[in-house]
Amino acid sequence: QAQLVESGGGLVQPGGSLRLSCRISGRWFSIYAMGWYRQTPGKQRELVASIHDNGNTIYADSVKGRFTVSRDSAKNTVYLQMNSLKPEDTSVYYCNALYDSSNTWGQGTQVTVSS
């Protein structure tokens with residue numbers, strides 16, 4: 001089964017940008033969709049953005065126009081470009097790979113937006 005490793009999180013001031021990366025080890029060919037989720041303590045994990053194998057993307061209303069999900073199959077990597085970051089974007093961000101009969105989660109990367 002594939003392993004997902006997120007990176008790119010950190011501390012950024014409001015209005016700043018970060019790019020998260022999720023590298024997939026193996027089984028890229030069988031992935032139906034990749035999703036970025038975030039979870040803040042005390043709240044449910046929510047979908048931020050996803051990209052299907054056909055290239056279709058979905059975004060949460062709260063991030064539309066600010067975040068962009070993309071993929072680089074040659075590098076087995078999915079990205080989440082986050083612009084115009086707000087304090088409410090502070091969360092642990094997780095990537096998820098959806099296969100035909102299973103899914104795999106990464107370990108998460110912390111994003112903190114604060115002045």
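Biologist: What makes Arg 38 count as buried?

Modeller: Buried means under 20% relative accessible area, exposed over 50%, and partly exposed in between, with a 1.4 Å probe and protein chains only. Arg 38 has a relative accessible area of 7%, so Arg 38 is buried. Do keep in mind that this is a predicted model: local features need pLDDT of at least 70, side-chain atom pairs count only at pLDDT 80 or more, and totals for chains, interfaces and linings use all residues. Residues are numbered from 1 along each chain as its sequence is written, and side-chain values use heavy atoms, leaving out hydrogens and water.

Biologist: Thanks! Why is the contact of Glu 46 and Arg 38 called a salt bridge?

Modeller: The term asks for a side-chain nitrogen of Lys or Arg within 4 Å of a carboxyl oxygen of Asp or Glu. Here the N to O distance is 2.8 Å, and the pair qualifies. Glu 46 itself is partly exposed, at 35% relative accessibility.

Biologist: And how do you know that Asp 89 and Arg 38 meet in a salt bridge?

Modeller: Their side chains come to 3.0 Å, N to O. Asp 89 lies in the loop between strand S8 (77-82) and strand S9 (91-98), and Arg 38 in strand S4 (residues 33-39), so the pair ties together parts 51 residues apart in sequence. Strands are DSSP runs (E, at least two residues), numbered from the N terminus.

Biologist: What makes Asp 89 buried?

Modeller: Its relative accessibility is 0%, so Asp 89 counts as buried.

Biologist: Which residues are linked in the network of salt bridges?

Modeller: Arg 38, Glu 46, Arg 66 and Asp 89.

How values were computed
Helices (H or I, at least four residues) and strands (E, at least two) are DSSP runs, numbered from the N terminus.
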